[in-house]
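This report describes a single chain, its sheets, its domains and the surroundings of its ligand. The sequence and structure come first.

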Amino acid sequence: MLKVGLLGAGRIAGVHATAITANRGSTLVAVSDINAEAAAKLAAQYGAEARTTDAILNDPAIDAVLIATSTDTHSDLIEKATGAGKAVLCEKPVDLSLARAQACQTVVAKNGKPVMIGFNRRFDPNFSALKAALDRGEIGKAALLSITSFDPAPPPVAYIKVSGGLFRDMMIHDFDMANFIMGAAPVSVSAVGTSIVDPAIGDAGDVDTAVVTLTYADGRIAVIKNSRRAVYGYDQRVELLGSDGLLQAQNMLENTVVKSTTAGVTGAKPTYFFLERYMPAYAAEWAAFVTAVSARAAMPVTLEDGVAALALAEAAALSVKSGESVSVRSVIGWMNS
Ligand SMILES: NC(=O)c1ccc[n+]([C@@H]2O[C@H](COP(=O)([O-])OP(=O)(O)OC[C@H]3O[C@@H](n4cnc5c(N)ncnc54)[C@H](O)[C@@H]3O)[C@@H](O)[C@H]2O)c1
């Protein structure tokens, strides 16, 4: 039985507390948050103790921690937790800064404890089935990947200001999805972005609508479209054109009823947002972590995957600023220098 400490008691921590307690292989021992009231409330809800982060990390009876705190704390907490001998599942992104995330990799390599990054969409049954069909050769060789990822409504501008921006906060999932499906990093990133949904997002120095093109060494292409607003719900689709066919992962709908009348044919909207769409994915993500830690096997999504996605976010942000295509190698090298 994996004994777990949960760091953070905010929005996504509640989702993870559900997954940890529902899994037969893990038990939630304690929850921490700089907001002690939030920690006490979440801990009580799941029959766990509220503690400080240090008390969790110093408890030898705790095997693993799940880091669900604000993004700017992730690298520090990954380093502290692995230094204290814990296995870690940390929410995305690894950090707001690529250079800091790379420094974290060095520390983790020294500490020698497993770290998984929470790219939950890899565990979505639709996207994982698409990837499995590709790997079985069912559409031949991949050529053109299209990822659509629209949120139903933008977050408050106060959130935007600390989020790291659309590429690090939101499109990071899609960069990882591209890396996951294509099985390689692209060589260049070309991005355009605008603040057409809310000019206040532009005033805060961010974009709310963006299109990114990734090009690969062997000639493949991926296109990612993001918007912070889709009035009909959470639009999450992946389409992959290959040499022998096409794979499409469609939206999850609120229900499957299709109404056909003389007026036309209509159906339900997509589910509202990530809590509605991805609950099975969060549970499967946690199950994969528990299985890998228990078997001392390789993590299914690694810290390196987290850094690779962050490098693409960094390149996209640079491309929007410069109006030029950015080489991924130059971003990684530049951040290292
Ligand atoms: N994978 C996903 O689908 C997904 C969805 C939402 C959020 N996230 C990620 O999860 C993280 C948290 O997002 P959220 O929406 O839950 O935010 P949130 O603001 O609701 O929760 C963050 C919590 O962390 C606490 N906190 C901050 N610094 C801390 C510290 N040093 N020690 C302990 N607690 C601390 C805050 O008090 C807050 O309660 C972010 O990095 C975000 O990018 C991932």
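In this predicted model, six strands form an open sheet in the order β3-β2-β1-β4-β5-β6, and their pairing is parallel. Strands β3 (49–50) and β6 (115–118) stand at the edges; each has a single partner strand, so one side of each is left without a neighbour in the sheet. Within this sheet, strand β1 (residues 2–7) pairs with strand β2 (residues 26–32) in the parallel sense, over six bridges. Leu-6 has Val-31 of β2 opposite it. Helix α4 (residues 74–83) lies across β1, β4 (64–67), β5 (87–91) and β6. The direction of α4 is at about 170° to β5.

A second open sheet has seven strands, in the order β12-β11-β7-β10-β9-β8-β15, and its pairing is mixed. The edges are taken by β12 (245–249) and β15 (326–327), each of which pairs on one side only. Strand β7 (residues 142–150) pairs in the parallel sense with strand β10 (residues 221–227), over seven bridges. Ser-149 stands opposite Asn-226 in β10, and Leu-145 stands opposite Ala-222 in β10. Strand β7 also pairs with β11, in the antiparallel sense and over eight bridges. Here Ser-146 has Glu-239 of β11 as its bridge partner.

Helix α6 (residues 125–135) lies across β7, β11 (235–242) and β12, running at about 165° to β12. Helix α13 touches β8 (188–194), β9 (209–215) and β15 as it packs on the sheet, and its direction makes about 60° with that of β8.

Apart from these pairings, strand β13 (residues 258–261) and strand β14 (residues 264–267) run antiparallel and are joined by four bridges. The two strands form a hairpin, with two residues between them. Lys-259 has Thr-266 in β14 as its bridge partner.

| Strand pair | Sense | Bridges |
|---|---|---|
| β1 and β2 | parallel | six |
| β7 and β10 | parallel | seven |
| β7 and β11 | antiparallel | eight |
| β13 and β14 | antiparallel | four |

The chain is divided into domain 1 (2–120) and domain 2 (122–280 + 308–336). The centres of the two domains, taken over C-alpha atoms, are 26 Å apart. Their contact takes 13 residues from domain 1 and 14 residues from domain 2. On the domain 1 side of this contact, helix α5 (residues 98–111) gives the most, with four residues. By class, that side of domain 1 has eight nonpolar, three polar and two charged residues.

Glu-37 lies in helix α2 (residues 36–45), whereas Ala-317 is found in helix α13 (residues 303–322). Which of them is buried, and which is exposed? Glu-37 has 10 C-beta neighbours inside 10 Å. A residue with 12 or fewer such neighbours is exposed, and one with 20 or more is buried. Glu-37 therefore counts as exposed. Ala-317 has 24 other C-beta atoms within 10 Å and is therefore buried.

Distances to residues elsewhere in the sequence can be given for both. Glu-37 and Tyr-272 are 235 residues apart along the chain, and their C-alpha atoms are separated by 29 Å. Ala-317 and Ser-190 are 127 residues apart in sequence, with 9.4 Å between them in space, C-alpha to C-alpha. Leaving aside its neighbours within four places in sequence, Ala-317 is in contact with Gly-165 and Phe-167.

The last topic is the ligand. How many residues surround the ligand, and which are the closest? The ligand is surrounded by 24 residues, the closest being Gly-10, Arg-11, Ile-12, Thr-71 and Glu-91. Helix α1 (residues 11–22) supplies the largest share of this shell, three residues. By class, the shell has eight nonpolar, 11 polar and five charged residues.

Conventions: Residues numbered from 1 in each chain as written. Predicted model: local features only at pLDDT ≥ 70, side-chain atom pairs only at ≥ 80, totals over all residues. Near = placed C-beta within 6 Å. Nonpolar A, V, L, I, M, F, W, Y, C, P; charged D, E, K, R; others polar. Domains from an automatic or database assignment. Contact = placed C-beta atoms within 7 Å. Pairing = 2+ DSSP bridges. Axes fitted to C-alpha atoms, helices over the stretch in contact; angles between N-to-C directions.
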